[in-house]
Amino acid sequence: MSLLSRLRCITVDVTGTLMAYKGELGDYYCMAAKSVGLPCPDYKRVHGGFKLAYQEMAKNYPCFGFAAKMPNIVWWKTCVRDSFVRAGYDYDEETFEKIFRRIYASFGSSAPYTIFPDTHPFLRWAHEKNLKVGIISNAEYRYRDVILPALGLNQGTDWDFGVFSGLEGVEKPDPRIYEIALERAGNIAPEETLHIGDSMRKDYLPAKSVGMHALLLDRFKTPDAEEWKKSGAVVLPDLEAVQNFITSENLTS
C-alpha cells in the first residue's frame, strides 16, 4: 500500500521547500544604502547584525508582534534599525527611513525569492490526486497576500489554505500550528496528512508529535541530513522524489 492511498491532505513549509532566497541579505541592504547615495554596508557585519537583531525581536515580540498588536512595519523597522546599529551603522532618522522603506518594499515583493522548478508541478499533481494542500509557515501576512501570489503561488489553485505565524499568534515548532492546519483543512485526521519541510526541529518533530506523517527535504545538502536519517526521518532531495516516494508501495512514513 502506498502512502498516497492513505492521504487526504499535504501541508508544506515555504522557504527551503517551495522557494529560496536569491542572493544575499547584504545585496538588498547595499541597494537601499546606494539609493540614498551611501556606500554599501559590509555584508558580513550586516548579516551578523541582522541575525542577532532578528533573534532578539523574535524572542521579545514573537509571531511578528502578534500578541503585542505591533504593526508589521514597526516590527521590521525595529529589527532593521537594530541590524544596522549592531553592524556599526547608526544612520540619522531621515536617512534610515529612506533606507528602511527600500528594504521593506524589496522583501514585500517577489524580488528576493525564487520558486524551485519542481514546486508548481508538485502542487498541480497533488490537486490532481484530490489532495488538499496547505501551507504552514513562520511568516507574516505579506507572504499570503503579496509574496506568494507575486511568485505565481495562488490560493485556490496552487494551495487551499494557509497557516502563517504572524496571522495566528503561534509559530513552529509549537505543535498547535499543525493542529490549526488540520482544523483548517476541514478537521482531516493527522494520519491522513503528510507534512513536508526542511527543518527537523520546526517541521518534522512537531508534525509527527500531533500524529501526522512527515518527511524532510534536503535541497542544499545540509550536513544535518545524515543525523536526520539516523534518527529515522525520511529525507529526500526534492519534491519530485517526494512524489515518487509517496506513490511507491512503501509503508514507511
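Reply: The largest cavity holds about 30 Å³ of space, and the structure has 1 cavity of 30 Å³ or more. Here a cavity is a set of points, on a 1 Å grid over the protein atoms alone, where a 1.4 Å probe fits but cannot get out; lining residues have an atom within 4 Å of a point. Points are joined across faces, edges and corners, and volume means the space filled by probe spheres set on them.

This is a predicted model, where local features need pLDDT of at least 70, side-chain atom pairs count only at pLDDT 80 or more, and totals for chains, interfaces and linings use all residues. Residues are numbered from 1 along each chain as its sequence is written, and side-chain values use heavy atoms, leaving out hydrogens and water.

So who lines the cavity? You'll find Arg-81, Phe-84, Val-85, Tyr-89, Asp-90, Tyr-91 and Phe-96 around it. Helix 4 is the top contributor, giving 3 residues; helices are DSSP runs of H or I with at least four residues, numbered from the N terminus. By class, the lining has 5 nonpolar, no polar and 2 charged residues. Nonpolar means Ala, Val, Leu, Ile, Met, Phe, Trp, Tyr, Cys and Pro, charged means Asp, Glu, Lys and Arg, and the others, Gly among them, are polar.

Now for the largest pocket, with about 1,400 Å³ of space. Thr-15, Tyr-21, Phe-50, Tyr-54 and Asn-138 are the closest to its centre among the 46 lining residues. A pocket is an open set with protein on both sides within 12 Å along at least five of seven lines. Helix 2 gives the most to this lining, 6 residues.

Key: Helix = DSSP H or I, 4+ residues; strand = E, 2+ residues; numbered from the N terminus.
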